[in-house]
Amino acid sequence: MNIDSYKIAIVGSKDQILGFKALGITATIANNGEEARSALFKLNNEIIKLGEGETRKKYAIIFILEDLATQITKEDYKKLTKEALPAIIPIPGIQGTKGYGLTRMKKMVEQAVGSDIFG
Amino acid sequence: MAKLNVNPTRMELLNLKKQIKTAQRGHKLLRDKQDGLMQKFMEIIREARDLRKKVEEKLQAAFKNFMQASAMMYPEVLENALLYPSAEVSLEVETKNVMSVHIPHFTLKQKGNILNYGYLQTSGELDMALEAFQEVLPLLIQLAEIERQAERLAEETEKTRRRVNALEHMLLPNLEETVKFISMKLSEAERSAITGVMRIKAGMED
């Protein structure tokens with residue numbers, strides 16, 4: 001593998017992530033919040049040694065299905081996203097979007113601006 | 001506002017005045033940074049919102065295709081077909097520096113064929129579903145990039161806003177109050193000295 005090429009991973013239930021697996025994305029099966037949590041931490045801890053004691057993350061993006069993403073606590077999420085990478089992005093599953101992604105974005109706006117200006 | 005706990009001396013006064021100047025300069029710089037961050041953030045979050053809506057729609061369609069495809073095949077066959085993908089994806093990551101925030105920039109690299117299974121037992125729908133997934137993937141990567149950027153910027157904006165507020169509403173008023181207190185104390189001492197001298201002089205003249 002190339003030195004500066006990162007991998008992509010996805011966490012979700014089996015039937016939903018099989019399709020992504022075919023694209024070459026690392027698919028990790030998780031059926032509930034607890035499993036998703038440990039999967040995220042495991043993926044986050046996978047590092048690649050660059051020599052001279054330097055390391056970097058293996059995964060740059062971890063997609064997580066919305067229904068599991070809602071079960072990840074704030075503290076855990078903070079721990080996972082301390083550094084610039086990986087980006088943990090919730091995506092809607094088979095049942096369609098429940099608006100979690102947009103809620104997340106609203107929270108970002110609130111954090112930055114101090115109030116919700118999108119309404 | 002509370003005044004700081006310092007001795008009312010001329011030395012302290014000079015020090016405090018210097019501190020005020022530094023704090024004011026810092027405050028101005030931070031406010032400029034905050035404005036810059038906010039501008040960039042608004043730009044990105046608008047884009048992110050539109051992109052997310054688009055991606056969620058497309059992903060929905062792709063999932064639907066995939067569901068139909070998997071319904072037409074035995075689960076074991078499906079799993080076997082997708083067990084060892086020959087396609088590979090990798091990302092190149094660059095970081096850009098916006099207002100001292102490092103934000104990532106992803107470039108997607110795809111290799112190999114996604115349709116890597118025997119055609120005998122699999123349905124044509126599966127091919128289509130996987131192609132749909134492949135179409136969504138670049139959009140997903142774009143979404144990940146832009147959301148991560150927004151997230152980083154939001155964090156930094158919050159931090160900067162707090163600093164600006166702390167300077168504006170805590171540090172600067174406190175310093176100013178203390179300076180005022182010391183200068184009053186000093187002029188009071190001066191007046192007291194003068195009256196003392198005047199009284200002594202008056203006593204000598206009698």
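Reader: Which residue of β1(B) is the bridge partner of A:Ser5?

Author: This is a predicted model, where local features need pLDDT of at least 70, side-chain atom pairs count only at pLDDT 80 or more, and totals for chains, interfaces and linings use all residues. Residues are numbered from 1 along each chain as its sequence is written, while chains are lettered from A and ligands numbered from 1 in the order in which they are written. Strand β1 of chain A, residues 5-12, pairs with β1(B) in the antiparallel sense over two bridges (strands pair if DSSP finds at least two bridges between them; strands are DSSP runs of E with at least two residues, helices are runs of H or I with at least four, numbered from the N terminus). The partner of A:Ser5 in β1(B) is B:Glu92.

Reader: And within chain B, what is the bridge partner of B:Val93 in β2(B)?

Author: β1(B) and β2(B) run antiparallel, joined by eleven bridges. Their hairpin has two residues between the strands, and B:Met99 there takes a positive phi near 50 degrees. In β2(B), B:Val93 is partnered by B:Phe106.

Reader: Which element gives the largest share of the side of chain B that touches chain A?

Author: In total, 48 residues of chain B are in contact with 35 residues of chain A (contact: C-beta atoms, placed from the backbone, within 7 Å). The elements giving two or more residues to that side of chain B are α1 (10-71), β1 (88-98), β2 (101-111) and α3 (124-205). With 18 residues, the largest share comes from α3(B).

Reader: Are α5(A) and α1(B) roughly parallel or roughly antiparallel?

Author: The axes of α5(A), residues 100-113, and α1(B) come within 10 Å and cross at roughly 175 degrees (axes are lines fitted to C-alpha atoms over the stretch in contact, with angles from 0 to 180 degrees between N-to-C directions). Among the contacting residues are A:Met105 and A:Met108 of α5(A) and B:Phe41 and B:Ile45 of α1(B). Angles under 35 degrees count as roughly parallel, over 145 as roughly antiparallel, 65 to 115 as roughly perpendicular and the rest as oblique. The two helices are therefore roughly antiparallel.

Reader: How does B:Lys33 count by its C-beta neighbours?

Author: B:Lys33 lies in helix α1 of chain B and touches B:Met99 and B:Thr160, leaving aside residues up to four places away in sequence. A residue is buried with 20 or more other C-beta atoms within 10 Å of its own, exposed with 12 or fewer, and partly exposed in between. B:Lys33 has 18 such neighbours, so it counts as partly exposed.

Definitions and conventions:
Two residues are in contact if their C-beta atoms, placed from the backbone, lie within 7 Å.
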